[in-house]
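Here is a short tour to read alongside the coordinates. Keep the viewer open and follow the topics in whatever order you like.

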Amino acid sequence: MFVLHSSNKTENLLEHLATVIGAAPLASPFAPEIFLIQSQGMERWLSQQLAERFQVWGHFRYLFPAKFFGELAARLHEQLPDADFDRQRLLWRFEALLRDLDDEVYQAPRQYLAGDNVDLKRYQLALQLARLFDQYQMLRPDLLSAWQSRQTLYDNDNERWQAALWRRLSAAGGKHRGQHWLETIAKLNTAPPGTWQHDLPERVSVFGVNSLPPLLLNYLQALSRHCDVHLYLLNPVQGYWADLPNKRLLARLQEFDGHPLLVRLGQQGREFQQMLLEQVEFAFEPSSFESADTAGLLGSLQNDILANAGAAGPQAADASLSIHACHSRLREVQVLKNLLLDALESDPNLALRDIVVMAPDIQLYAPFISAVFDDIQHAVADRSLKISNAALDAFVRFLALSQSRLGWQAVLDLLEQPLIAAGFDLDGNDLELIRHWLLDTRVRWGRSAEAKRSQGLPAIAQNTWQASLERLFVGYAAADTEFIDGILPYPDIEGASAAALGGLADFLKLLFRAGDELTAAKSLAEWCKTLDYYAGRLLAGADPADRQPLQDLLAELAELADIHDQPVALSVVVAWLSGRLDETKSGNGFLRGQLTFCSMLPMRSIPCQVIALLGMNDGEFPKLDRQPTFDLLAEHPRLGDRSRRADDRYQFLEILLSARRRLILTYVGQSQRDNSEIPPSPIVSELLDVLRDHYGLADPVIRHPLHAFSPRYFNGAEPTLFSYAGHDCATAAQLRGERRPTEAWWRGELEAEPLAIVEIAELLNFFQHPQRYFLRRQLDVRLPVLIADAEEREPFAVNGLDDYQIAQDWVAAELAGRPFSLAKLQAQGRWPAAGPGELAWRRREPGVAEFAERIRALALGAALPAIHLELNVGDQRLIGKLGNLYENGGLLYRYSKLKGRDLLAAWLHHLLINRRQPQSTYLLAADAELHFSLT
């Protein structure tokens, strides 16, 4: 018996289901209740609701269509369909077949596979074909049968080469899923009722499914001859509405008495209703349509859709349906928080579990949700394994990194992952020390000079990982400042840092080995062994539970090795792993008794008191149907074909009907640059058109300010703008107050004992930078210095700080008559390498020599060692050493433009030395020369 339950409310369908289960228990207490569903969210909601109604709820099975129908077919045929026609196995079978396209019929795919990156392009084409042929099995079994018989249905080039591929696939024998199911349907239709009484479930409940392909509808019809099948259908309209015009025809009609949103959004529902009428015979069709009790605009809209009628008259805008235009995703989340707080404040009976927030891709909003809702219990569902599992993400990054140019920041970012660092016995202090080493030795990119040569580049070791490691190890072994066997030791390595250096070396050794070993193509079986080895080494510090999904993927890859034994490039394996990670979404966090954030997935229209939709942006929702040009489903559509765009449109309609008190829509509708308007999703635009033309709302969009602390949220001038953020209110109040003139950042006195002894170095430091000295010495505050990370490329010019220090050292060497080594500078990574470095050296050399000659012209004589001073100045005593002394005076110099602090330092130096002995002091800069005479 096939029973159709219809309602415009999922709660009513649930009552139907509970009544059926309660009134007609299964004959055997050991038989499970079987549910056919399309989403894990519906599974959780059904379980929660049925447990609440029956108090005790157990022994049930929730099955997705493919698994449900496959299991039934296996019971009746006592065998499963050939697994080689599963999508994942089809992918690798196609990858192997696409290597042999010599026949003339394959001209189109052969042209696509010409040129560079053939391995990756072949895999991507195989992936598209696997997805397409997986749909052919369910939606076009007649097409596959025709191809098997060497016939065509459409007789075009795309069909001919796909038919040739299919015949090569099916030459090995076996039945695909569609053929297997057609035979099952035939067996069910011909067998007398009760034939498989012990093989089939007593009752099947189809819940939360708003569309099924014709093949599956026929399957359910045939199954209903042998058991009870109950289809619980959420129907937005009480009457017949499959004959509504399409959008194009609606635009040409002068009169239309139906509801325009059913035309614009309901294509999928209309087609399914038509299929039910044409293909299925129901024994009983109970219905329980009910008008919405939601007050305001949302309730009116839901009731008009139920009646398939236009609006009775103009409506006033209210909070039941609100549309908000913001400047960014962050602002969307901030606005949403205030709206939800307002809903909770205005309704004491509303709880967090009654609210669901959706987005086309919730992963784009996850960082902002964590930051904005940190003080509200919430959970984010539908995150891919790549995001929710750090071990998987790190492993895929490692594989890709091993074949890259090994930029220092990319390598260090991976090593700094806690689960990676733990595997090499590195803690936070070690990682900080390693970062210091890498910056100080100026690693930029490249494994070694030899690796650069293999890439067709000059074999220059400077700024490579090998050069840095050699300097660090030689510096640890020998404390020297000169070259040892062509390597300049790094001077700042101490004994206690050996463990950190060892951990870094082990990580780089593994990365370099992977770079060599993973370059060559391998069979899938070889890849499984190789990847398992690197996963064990790289993720040794990860929790076994975090590593298990990766082990499952590698086991899946191992199972595919029996159908594909040809060499595969690493880029293909990485693409496969990344694709599987993106496909696998975690349902954790959905309907867990707290505020739920999730993605907008088809057939997940669960009723909630408040539903919010983030990211209703143009180009993001509805998603575009990006079919390949050879997709025969798109070329020749049939009733019941799935379309992601139609799915999204119908889902929006179901969400519109599922909100019980409030529906909130937000989108990025204003430019951060010039505040210009940005159009929303076409679906939101269509909703706005309906609200304007049929409900008298000229502009229901609420446009929010750029910043959360805008005074508009707090002055009460606009009732639709409000905020519960106290810190934003305080900021707005400060910005609104009178502008006061800039004052000193601190005024006052600190209680401190007077210093009886002042060191000369401290005195000079104070006058060099009084504010910094005060913060460090009196307040013990050390502000971090913001320095941009070095780029991942070798230096082609000397940066400013290095340039000044090198010039100072160079001038000092010239004055002392010591050689100043270009080789050392290049070994340290402080000077450009090879030819450019030599040219820059020659350009700089005359200037340095000229500056040194200016100093010699002062005839100050030989340099003297620093002298010890002890001076009484008032109640303080100055002690310390004073340097920069020569036989005939003092000298301070800088090979750059003169600065005020240089002048102050020279003056202090002059005053101090003249308390000891009369002496002139000279200050030389690139653009000035000053002389402080005897006093």
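Let's begin with a helix on a sheet: helix H37 (residues 900-916) lies across S17 and S18 and runs at about 90 degrees to S17. Bear in mind as you browse that this is a predicted model.

- The strands here form an open sheet of 3, in the order S15-S18-S17, and their pairing is mixed.
- Strand S15 (757-759) and strand S17 (867-873) are the edge strands, each pairing on one side only.
- On average, neighbouring strands of this sheet are turned by 20 degrees against each other, direction ignored.
- S17 and strand S18 (residues 876-882) run antiparallel and are joined by 7 bridges.
- Within that pairing, Leu871 stands opposite Leu878 in S18.
- Helix H32 (residues 760-768) also packs on the sheet, where it touches S15, S17 and S18. The direction of H32 makes about 70 degrees with that of S15.

**H32 and its helical partner**

- H32 also meets helix H33 (residues 770-778): their axes come within 5 Å and cross at roughly 125 degrees.
- From the H32 side, the contact is made by Glu762, Asn765, Phe766, Phe767 and Gln768. H33 contributes Pro770, Tyr773 and Arg777.

**The parallel sheet**

- Another open sheet is formed by 5 strands in the order S1-S5-S4-S2-S3, with parallel pairing.
- Its edge strands are strand S1 (2-7) and strand S3 (60-63), and each of them pairs on one side only.
- Neighbouring strands in this sheet are turned against each other by 20 degrees on average, direction ignored.
- Strand S4 (residues 203-207) pairs with strand S5 (residues 228-234) in the parallel sense, over 5 bridges.
- If you look for a residue pair there, Val204 has Val229 in S5 as its bridge partner.

- How far apart should the ends of H24 be? Helix H24 (residues 498-517) has 20 residues, and at 1.5 Å a residue it should span 28 Å. Its end C-alpha atoms are 28 Å apart, which agrees with that expectation.

**Backbone details in loops**

- Leu406 is found in the loop between H18 and H19, and its phi is near 60 degrees, a positive value in a residue other than glycine.
- Is Leu406 buried or exposed? Leu406 has a relative accessible area of 6%, and it is buried because that value is under 20%.
- Arg150 likewise has a phi near 60 degrees, again a positive value in a residue other than glycine. Arg150 lies in the loop between helix H7 (141-148) and helix H8 (157-170).
- At 66% relative accessibility, Arg150 counts as exposed, because the value is over 50%.
- Phe621 and Pro622 are joined by a cis peptide bond, with omega about -5 degrees. Pro622 lies in the loop between strand S12 (608-613) and helix H28 (632-635).

**Two helix residues worth a click**

- Thr19 lies in helix H1 (residues 10-23), where a polar atom of its side chain is 2.7 Å from the backbone oxygen of Glu15.
- Thr19 has a relative accessible area of 49% and is therefore partly exposed.
- Ser571 is found in helix H27 (residues 570-583) and is partly exposed, with a relative accessible area of 37%.
- The C-alpha atoms of Ser571 and Tyr123 are separated by 9.6 Å, and these residues are 448 residues apart along the chain.

Key. Residues are numbered from 1 along each chain as its sequence is written. This is a predicted model: local features need pLDDT of at least 70, side-chain atom pairs count only at pLDDT 80 or more; totals for chains, interfaces and linings use all residues. Side-chain values use heavy atoms; hydrogens and water are left out. Helices (H or I, at least four residues) and strands (E, at least two) are DSSP runs, numbered from the N terminus. The expected span of a helix is 1.5 Å times one less than its number of residues. Two strands pair if DSSP finds at least two bridges between them. Axes are lines fitted to C-alpha atoms, for helices over the stretch in contact, and angles run from 0 to 180 degrees between N-to-C directions. Contact means heavy atoms within 4.5 Å. Buried means under 20% relative accessible area, exposed over 50%, partly exposed in between (1.4 Å probe, protein chains only). A polar contact is a pair of N or O atoms within 3.5 Å; within protein, one must be able to donate a hydrogen and the other to accept it, and residues adjacent in sequence count only if both atoms are side-chain atoms.
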